[in-house]
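Morning, everyone. Please look at the model on the screen while I talk.

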Amino acid sequence: METRGPSGKVAAARHRAAEAHRRADRAEALAAQQERFAEQTGHPLHLRLAATHRKAAASHRSSAQLQEAYARRLESWSSPAGPPPPFMSVVADACGTDSAALALLGSDHSQLAVAASDDSSRAAQDLEYVLGEGPCRDAAAGRCRVTVAGPAIEQRWPGYGPAVTALGFGEVVAVPLETPDGCLGSLAVFDPRPGIARSDVFTEITDALVRTVLLGPDADPELYGGTDHRDMVHQAAGMVSVQAHRPVEDALALVKAKAYADGVPVNEMARRIVHGRLRLA
């Protein structure tokens, strides 16, 4: 489907929402069928299957709501000369905040890619990437929700904590993006509205993201154009590796350390290196 320009993006979001509703209807019909079978046979297997279909239906409904909200946000976008609002902005809104970021992580829990709702949440993910500690890594490693607020943020993460609180955040919630085979990464939400951290909202949102946005029939791991795979950072690390005659892993650590020391985003530091404005050797 054509997605260039605002109208194309709105149409694509509306189409994805309609498909999600259709799949939800189908899952609910299958659940009802299994519940009838359970009444007729008394076999608990049918109830387990019904519960599975109900869960799938709820995920599709949540996905449809996100897509509908994204379509509305695109329709109300008043600055067509600039970039459109990212899909993560509606994920953040659904989680009761302005700042949310999704991190896709490798098997060692290192950050492979990130999508963020705003500059503040992207800066927070830069800190995790550079410092190698933080809520997304912990949530993925432990396959559990991580909720930390106030002074405990700096106590839990000696490097990341002071830096992320300096961004103005007083609470962070991270939820793993779990699949039957493992964990894709985590969703981090900063300063959600009071009470939402103890609700089921994050579970519903992450389930919808995994089942329908990242892995579903209309999946797009690029989150509709909003994902940063750190390509320039790795390009810069390759250049530094050659210039400094060091392994790529050491060169990458050097790029991250320089970005942190200078207080600039790691992508900006990488851009300076790639464009020849800075040489680390």
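I'll go through the sheet, then the helices on it, then the salt bridges.

First, the ground rules. This is a predicted model, so local features need pLDDT of at least 70, side-chain atom pairs count only at pLDDT 80 or more, and totals for chains, interfaces and linings use all residues. Residues are numbered from 1 along each chain as its sequence is written, and side-chain values use heavy atoms, with hydrogens and water left out.

Helices (H or I, at least four residues) and strands (E, at least two) are DSSP runs, numbered from the N terminus.

Start with the sheet. It is open, has five strands and runs in the order β2-β1-β5-β4-β3, with antiparallel pairing. Two strands pair if DSSP finds at least two bridges between them. Which strands stand at the edges? They are β2 (111-116) and β3 (146-149). Each has a single partner strand, so one side of each has no neighbour in the sheet. From one strand to the next, the twist averages 20 degrees.

Now look inside the sheet. Strand β1, residues 99-105, runs antiparallel to β5, residues 182-190, and six bridges join them. L104 stands opposite G185 in β5.

Two helices to point out here. α4 packs on the sheet and touches β1, β2 and β5. Contact means heavy atoms within 4.5 Å. The direction of α4 makes about 170 degrees with that of β2. Helix α8, residues 201-214, also packs on the sheet, touching β1, β4 (171-179) and β5. Its direction makes about 40 degrees with that of β4.

A word on angles. Axes are lines fitted to C-alpha atoms, for helices over the stretch in contact, and angles run from 0 to 180 degrees between N-to-C directions. Under 35 degrees counts as roughly parallel, over 145 as roughly antiparallel, 65 to 115 as roughly perpendicular, and the rest as oblique.

Stay with α8. Helix α3, residues 87-94, packs on α8 at about 150 degrees, with the axes 10 Å apart. The two are therefore roughly antiparallel. F87, V91 and A94 in α3 meet V201, I205, L209 and V213 in α8. That contact has seven nonpolar, no polar and no charged residues. On classes, Ala, Val, Leu, Ile, Met, Phe, Trp, Tyr, Cys and Pro count as nonpolar, Asp, Glu, Lys and Arg as charged, and the others, Gly among them, as polar.

Next, α2 against α8. Their axes come within 8 Å and cross at roughly 90 degrees. That makes α2 roughly perpendicular to α8. Residues of this contact include K55, H60 and L66 of α2, and E204, D207 and R211 of α8. By class, the contact of α2 with α8 divides into six nonpolar, six polar and four charged.

Back to α4, residues 119-131. It packs with α10, residues 248-262, at about 135 degrees, with axes 9 Å apart. That makes α4 oblique to α10. L127, Y129, V130 and L131 in α4 meet L252, K256 and Y260 in α10. Six of these residues are nonpolar, none polar and one charged.

Last, the charges. How many salt bridges does a search of the whole structure find? It finds 17. A salt bridge is a side-chain nitrogen of Lys or Arg within 4 Å of a carboxyl oxygen of Asp or Glu. R14 and E75 meet in a salt bridge at 3.0 Å, N to O. This pair links distant parts of the chain, with R14 in helix α1 (residues 5-41) and E75 in helix α2 (residues 44-75), 61 residues apart.
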